[in-house]
Structure formats: C-alpha cells, structure tokens
Amino acid sequence: MPQSVKNRMVDYTLAFIVLIAVFICLVPFLYILSQSLSSNRAIVSHAVTIYPIDFNIEAYKVVFGDFGMVYSLLYTVVLTAVFVLIALTVTILAAYPLTKKRLKGRNMLLLIMLFTMYFSGGLIPDYLNIKNLHLLNTPWALILPGMMSVYYMIILKSFFQSLPDSLEEAAHLDGCNDLQILLKIVLPLSKPALATISLLYAVFRWNYFQDALFYITDQDLYTIQLKLYNVINISQQMAGENVNVNLPSEALKAASIMFGTVPILLAYPWLQKYFVSGIMIGAVKG
Amino acid sequence: MKALNSSAVLEKGNSREKPLNKRKGLVSYIKQDFILYLMLCIPVAYIVIFKYVPMYGIQIAFKDYNMFQGVSNSPWNDFATFKQIFSSPQFYQVVRNTLLLNGLDLLVGFPAPIILAILINELVWTRFKKASQTILYLPHFLSWVIIGGIVAQLLSPTGMVNSLITHMGGEPLPFLTNKYAWVATYTLVGVWQNAGWGTILYLAAMTGIDRQLYEAADVDGAGRFGKIWHVTLPGIRSTIVILLILQLGNIMAINFDRPFNIQNNLVMDFGDVISTYVYRVGIQSANFSIGAAVGLFQSVICLIFLLSSNFISRKLGENGIW
C-alpha cells in the first residue's frame, strides 16, 4: 500500500475517534433535550434516546409558567451583573497599583494576597464570618466574599505590565495623575483582558452553587443553581404528593435542566473565545 | 554588559521616585502615591475582612464554640475537638475517600486531555478541528448542579444508558447505586467535564514545537506514531510536568460542588469527602468546632503539599505557579 493512502487511512481513523469523543460530549445534552420534549408515555416506556418522541412542549409550559423558576433566573442574571461590576472594579483597584514597582509595601501586599491562595480559614470559619457580619440570607453573601479572585488579579496585573511604559510616562509628563492614567490610558488599552476577566467572574457566579446552599435559606433569594438543585432532587417527593401534576417528573426535570443551561449556551460563543485567551494569559504568566 | 543594561532599565522605571529625598519618611511616600494607596484600600479591606478574619476564626477548632460567647470568648478545650475527630472512624473514611477520588482523577483524568490533545493535533482538516474543539470545551461551562441532574437522568436504572444495555440483552449497571460503580462514575464524569477543556494548554504547547523537528523526523523515516512519540510528547513534556505537579499539590483539596451533586445516600461509603462532611457536620448539624477542626486539618496538609509541589517544580527548572 502506498504511503499516502496509508496516511489518509490514519487521518480518517483519527477523525473518527475524535468524532466519537465529540458525540460523547453531545449525547447527554441531546438526551435531556429529547426527554424535555417527549410525551409521558414515551418516557415511561424508555423509548426516548437522542431525539424526541411524540414531540410536545408541555414541560416547558410548566417550567416557564412557574413564577419561582423564572424569577430565580432573572434574579441570578441581576446578581451576576452586579457581582461582575463590583468584582471587576475591585480587581482593577488591586491590580493597577500593584504594577508600580516604586510603590512602598508592594511586595508585602502581594505576599499578603498570595498567601490566601495557599491557605484559607475553611468552610466553617467562612460561614461564621458571614454570619457575624449579618450577611446570611442577603444577596451580599453571594457577592462580597468572592469579590476579588487573587488569581484573576494576578492575570490582570501581568496584562497591565505588558503595556508599554512609555504611554504612561508621556501621560504623566502631560500632567495626568495615576487615576487619570488608569481611566484614560490603561483601561481602554486593556479591553480584551477586562472582557476575559468579566466573563471568568460571570461564569463563576452563574455556576457556583456551594455558597448559595450554605448562606441562603430564604426561597426568594435562591439562585438558579440552588433552585435547580431542589427541582432535580426533591421533585420526586413533590410529584408523589401533588396529584395535579400529570406530567412525568422526568420531563419536568429535563426541561428545568435545559432552562438552566440555555443562558450559558447563548453566551457560549463569547465565553469560548475569551476563556481560551484567559487561560493563555494565565499560562504565560506561570 | 547585560547587568549594566538591566540596571539602566531599572533606573528608568524608578525615575519618578528620583526627585524624592531618600531621608523622607513614610508620610511622604503615601503623599506621593496617595491615589494608588487609596485604590488599594478596598481590595486590602476585602482581603482582611473575608480572608484573614476567618483565619482568626480557626481558633474555634481549639475551643468549645458557643454561639453566644462568640469566637474570642468561647473556652479553650485542650485539643478535645482533635481528639474526638482523630478517634472517629468517619473522619478517616472521608480522608480516604478524598484521596481515593483525587487519586483516580490523577490516574484517569490527568492523561485523558493529553491523549485527546494529541488526537486533535493530528487532525488535518482545520474546520473539523475547530468545530470539534468548540463542542469538546462545552461541558466545562456547565455547573455541577446541571451535570449532576444530567448524570442522574442518563445513568439511573431506567436512564438511557441502561435502556440501551438492556435493549442489547445485557443486565443494567448500577452506575449510581453501587458504591464501587459510583467511584468509576464520579471519575468518568470528571473526564467528560474536563478532558476537552484540559487540552488547551497542551495544544498551545504543541503549536510551539519547531516544524523542523518533524521534517527531520520525516527524513529519518519516522512514521506517524514515531513522530508523536519522539517529537510531540517531548515537546509538551514540561507542560505535562508542571500540570502534574500542580495536581499532585492539590491531592487533599476537593471542591464541594462536584461530589455533592453526584453523590447519593447509597454511596456515602465512598462518596462522602472532606468538603461534604464538613458541610454536614459543621453547618447542617451546627458542630462548628468539629467542622473547623477537620477544615484546618485539610488546609494544613494542602498547604504543605502545595508548597512542596511548588518547590519541586522550581527545582526542576520550571517556574512554579508564581
């Protein structure tokens, strides 16, 4: 067999293996999607695989008709937006001054911040701290404790450092103070890095579940993740008690899972682009 | 010459502090960079209030914590909390489970992205390559609550996977109900979530490999596999070493969301890890001192592992994390 034909065969085999991996990534989504769109009868008889059977949107009507669910989605959107705004501001406020080598105490402050990446109080002291600050059952419990990731701060700091010094020097000679330099020169030049950091924070806040479980017991303040957790894990008992629910809980659960996934899917093109660049900035630093 | 150059650069960077008299004290420094210090106030306050105050709170691990007396005023208990946890079989079980699940992640979850990255790197059709990467990254962006929900539906006794198995004449597998099978499920779900995303750093390292090496290998008559073995793998060796050391450093650390959302009551013998145990004992049952003590035990071991792994990677000539 000639070398080129053999090479082609290897190419096709490799492509086939990667295709299987891609398929494995997608199948769980297709299954949940088809379940959410299938009829009671089809699900109970285990006929549903990766395409809907007896297509209908009853489950989605229930999910979208559930005020609590829609409310919690919108609430989480607002919470995430506020979190990103605060976190981005605080991260900039730390990253920019710490790029200045002339700043007294800079290394000390960096060390104090870096140490928290290696050692922390732990879940219980964190919890008691939030409790003592009277933040339990407030949205602030989900915003303030995570409002600066030291790791992202370091990423942003190394991006600031990669900007040419001469620009800042020139602005300084023109009489700009540090705040003006930051606002008028550094930040406009850092838009891609700021976008990356914002999205990192946004996905963190959107997906993070632990703090909501620990700090929030008031149903009105449930994030979408906590709400979904309850739907996924408690709906069996609910369906048992509630005779009015003539939908299989499976379809409802599947529709709820899709409901919580769609916002991420909508943002996915941007997420992918900026996340990859974020991981690269972090790696170059490392 | 080189040293001269760098000192010149240093001086240039410091030029703005030159006019300042060296004998002036702290106040003049703060005056000079008042705005910068003002900016730092908020992040520093954040770090102190939300990171260092909880560290001060660790002392409740050595006290009989009483809600009304608070952290500072509760009485010391002469290591009674630690005596209690070190004599409790459940503590050893959750430590073992943490090490077991992290060990399997290391054994199975660590090589998976390397293999996948090599496969992707070998693809010749650029569009197909891009499209598959896009889809392979997707699971990384889902929350563990959603993944937990998907797993529960997909792998339940009546889920799709078991339906297919019975359809083909097999016996249903207890993916989520048998504790041994659950360990495999936990590990493989981790691979599903992370293998695609984990390829990014390896693929980046692969693009940095000199093309000439491949051409030279061609001349030497190396086949496809020979080139992977002798050029690609050595080319990403340092990336592999750094990431391996990092993951080893985190062997005692375990996040909460993943085990909590995949575990169920039937598999707690293997599914209960330090983080979920601390939640149950510390927060649900309000045994704050025990929760804090277990957490402290974990933090200290984590710190030792992280510092040693950082030290080793520096010794190996890599940069470490910082």
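Predicted model: local features only at pLDDT ≥ 70, side-chain atom pairs only at ≥ 80, totals over all residues.
**Stop 1: chain B as a whole**

Chain B has 18 helices and 0 strands. The C-alpha atoms of chain B fill a box of roughly 85 × 70 × 30 Å. Its radius of gyration is 26 Å, while a compact globule of 322 residues would have one near 20 Å. Of those 322 residues in chain B, 35% count as buried. Now think about contacts within chain B between residues at least 6 apart in sequence. Of these, 62% join residues at least 24 apart.

**Stop 2**

**Stop 3**

Switch to chain A. Here domain 1 covers 1-56 and domain 2 covers 66-285. The distance between the centres of domain 1 and domain 2 of chain A is 34 Å, taken over C-alpha atoms. Each of these two domains of chain A puts 8 residues into the contact. On the domain 1 side, look at helix H1 (3-36) and helix H2 (40-44) of chain A, the elements that give two or more residues. H1(A) supplies the largest share, 4 residues. By class, this side of domain 1 of chain A holds 4 nonpolar, 4 polar and no charged residues.

**Stop 3: where chain A meets chain B**

Show both chains. The contact involves 76 residues of chain A and 78 residues of chain B. Several helices of chain B each supply at least two residues to the side that touches chain A, among them H3 (34-57), H11 (179-207) and H18 (288-315). Which helix gives the most to that side of chain B? Select H3(B), which gives 15 residues. The chain B side divides into 53 nonpolar, 18 polar and 7 charged residues.

**Stop 4: a helix pair across the interface**

Zoom in on helix H6 of chain A (residues 123-132) and H18(B). They pack at an angle of about 130°, and their axes are 7 Å apart. H6(A) and H18(B) are therefore oblique to each other. From H6(A), pick A:Leu123, A:Ile124, A:Pro125 and A:Leu128. From H18(B), pick B:Phe288, B:Gly291, B:Ala292 and B:Gly295. Together the residues of this contact of H6(A) with H18(B) are 6 nonpolar, 2 polar and no charged.

**Stop 5: B:Thr239**

Select B:Thr239, in helix H14 (residues 237-249) of chain B. Is B:Thr239 buried or exposed? B:Thr239 is buried, because 21 other C-beta atoms lie within 10 Å and 20 or more is the cut-off. Beyond its neighbours within four places in sequence, B:Thr239 is in contact with B:Leu201, B:Tyr202 and B:Ala205. Draw a C-alpha to C-alpha distance from B:Thr239 to B:Met206. They are 33 residues apart in sequence and 9.9 Å apart in space.

**Stop 6: B:Lys129**

B:Lys129 is partly exposed, with 17 other C-beta atoms within 10 Å. Not counting residues up to four places away in sequence, B:Lys129 touches B:Ile120 and B:Leu123. Then draw a line to B:Gln284. B:Lys129 and B:Gln284 are 155 residues apart in sequence and 47 Å apart C-alpha to C-alpha.

**Stop 8**

Most residues other than glycine have a negative phi. Two loop residues are worth a look here.

- A:Asp54 has a positive phi of about 50° and is not a glycine. Find A:Asp54 in the loop between H2 and helix H3 (58-65) of chain A. A:Asp54 is partly exposed, with 13 other C-beta atoms within 10 Å.
- B:Ala286 also has a positive phi, near 60°. Find B:Ala286 in the loop between H17 and H18 of chain B. B:Ala286 counts as exposed, with 11 C-beta neighbours inside 10 Å.

Technical notes: Residues numbered from 1 in each chain as written. Chains lettered and ligands numbered in written order. Contact = placed C-beta atoms within 7 Å. Nonpolar A, V, L, I, M, F, W, Y, C, P; charged D, E, K, R; others polar. Axes fitted to C-alpha atoms, helices over the stretch in contact; angles between N-to-C directions. Parallel < 35°, antiparallel > 145°, perpendicular 65-115°, else oblique. Rg over C-alpha atoms; globule rule 2.2 N^0.38 Å. Buried ≥ 20, exposed ≤ 12 C-beta atoms within 10 Å, placed from the backbone. Domains from an automatic or database assignment.
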